[in-house]
Amino acid sequence: MATRIVAIDGLGGSGKSTLAEHLSIALGGAEIIHTDDFASWENPIDWWPQLIEKVLEPVARNEMVRFQRSPWQAGNDAEWVEVRPDNFVILEGVTAAREAFAPYLTYAIWVEAPESLRLRRGLERDGQTARKQWELWMADEARYQSRERPDERADLVIRGDRDLWT
């Protein structure tokens, strides 16, 4: 693969997106593809075959990537995303370093943060009305971490409760 894919994984609210933005700049403006572009409230974990088909396989063939983002809110039109293969692409989000993606990844980073901080960040972003959904989602994410152990397979584990990247 000509394009090196860096995965930034961690549980919801751990600081993955912030790290991805800083890493993108450090890598000369690397494109960021978010797992949230494929996930939804109804399907937070098991959307991954689409990401392989629509992103990882085309990048592996050095082809243009084109897909529609998941419309998180009913009535929203899904945006189209286009990404040209380049030196680096960042895959950011919960499950970004899942085992199924491993053949395509060059490097995997796990971002760790306490549950209380993660929930607070999520509710600050999505509002208190999303608490029940966040609690359900956090349980799904914990099962993912327990089952696949991405934190143990990562090339680098960093703390997301500290601002280490500015």
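**Burial, pairing and packing in a predicted model**

Author: Glu31 stands opposite Val89 in strand E5. The model is predicted, so local features need pLDDT of at least 70 and side-chain atom pairs pLDDT 80 or more, while totals for chains, interfaces and linings use all residues. Residues are numbered from 1 along each chain as its sequence is written, and side-chain values use heavy atoms, without hydrogens or water.

Reader: What makes E2 and E5 a pair?

Author: The bridge count. Strands pair if DSSP finds at least two bridges between them. Strand E2 (residues 31-34) and E5 have four, and their sense is parallel. A strand here is a DSSP run of at least two residues (E), a helix one of at least four (H or I), both numbered from the N terminus.

Reader: How many bridges join E1 to E5, and in which sense do they run?

Author: Five bridges join strand E1 (residues 4-10) to E5, and the two run parallel. Ile8 stands opposite Glu92 of E5.

Reader: What is the sense of the pairing between E3 and E4?

Author: Antiparallel. Strand E3 (residues 65-68) and strand E4 (residues 80-83) share four bridges. Arg66 stands opposite Glu82 in E4.

Reader: Which residues of E3 are covered and which uncovered?

Author: Val65 and Phe67 form the covered face, Arg66 and Gln68 the uncovered one. In a regular strand, side chains alternate between the two faces of the sheet. Strand E5 (residues 88-92) is mostly covered, with four of its five residues buried.

Reader: Why is Thr95 called buried?

Author: Buried means under 20% relative accessible area, exposed over 50%, partly exposed in between (1.4 Å probe, protein chains only). Thr95 has 0%, so it is buried. Thr95 lies in the loop between E5 and strand E6 (107-112). Its phi is near 80 degrees, a positive value in a residue other than glycine. Most residues other than glycine have a negative phi.

Reader: Why is Arg149 called partly exposed?

Author: Arg149 has a relative accessible area of 29%, so it falls in the middle class. Arg149 sits in the loop between H4 and H5. Its phi is also positive, near 50 degrees, in a residue other than glycine.

Reader: Buried or exposed, what is the class of Ala154?

Author: Buried, because its relative accessible area is 17%. Ala154 lies in the loop between helix H5 (150-153) and strand E7 (156-159). Contact means heavy atoms within 4.5 Å. Not counting residues up to four places away in sequence, Ala154 touches Ala108, Ile109 and Trp110. Ala154 and Ala7 are 147 residues apart along the chain, yet their C-alpha atoms are separated by 9.1 Å.

Reader: What class does Thr18 get?

Author: Partly exposed, since its relative accessible area is 40%. Thr18 belongs to helix H1. Its C-alpha atom is 22 Å from that of Tyr144, 126 residues away along the chain.

Reader: What makes a set of residues a nonpolar core?

Author: The members are buried Ala, Val, Leu, Ile, Met, Phe, Trp, Tyr and Cys residues, joined through side-chain atoms within 4.5 Å. The largest such core has 23 residues. Ile33, Leu51, Val55, Leu56, Leu91 and Phe101 have the most contacts inside it. E1, helix H2 (48-60), E3, E4 and E5 each give two or more residues to this core. H2 provides the largest share, five residues. Apart from this core lies another, of ten residues, including Val6, Leu19, Ile90 and Ile158.

Reader: Which residues are in contact with Leu91?

Author: Leaving aside neighbours within four places in sequence, the partners of Leu91 include Ile5, Ile8, Ile33, Leu51, Leu56 and Phe101.

Reader: Which residues of H2 are buried?

Author: Leu51, Ile52, Val55, Leu56, Pro58 and Val59 are buried in H2. The buried residues of H2 pack against E1, E2, E3 and E5. Asn62 follows H2, with a positive phi near 60 degrees.

Reader: What makes a residue part of a pocket lining?

Author: An atom within 4 Å of a pocket point; the pocket is an open set on a 1 Å grid over the protein atoms alone, where a 1.4 Å probe fits, with protein on both sides within 12 Å along at least five of seven lines. In the largest pocket, 23 residues form the lining. Lys16, Ser17, Asp36, Glu92 and Arg125 lie nearest its centre. Helix H1 (16-26), helix H3 (115-126) and helix H4 (131-148) each give two or more residues to this lining.
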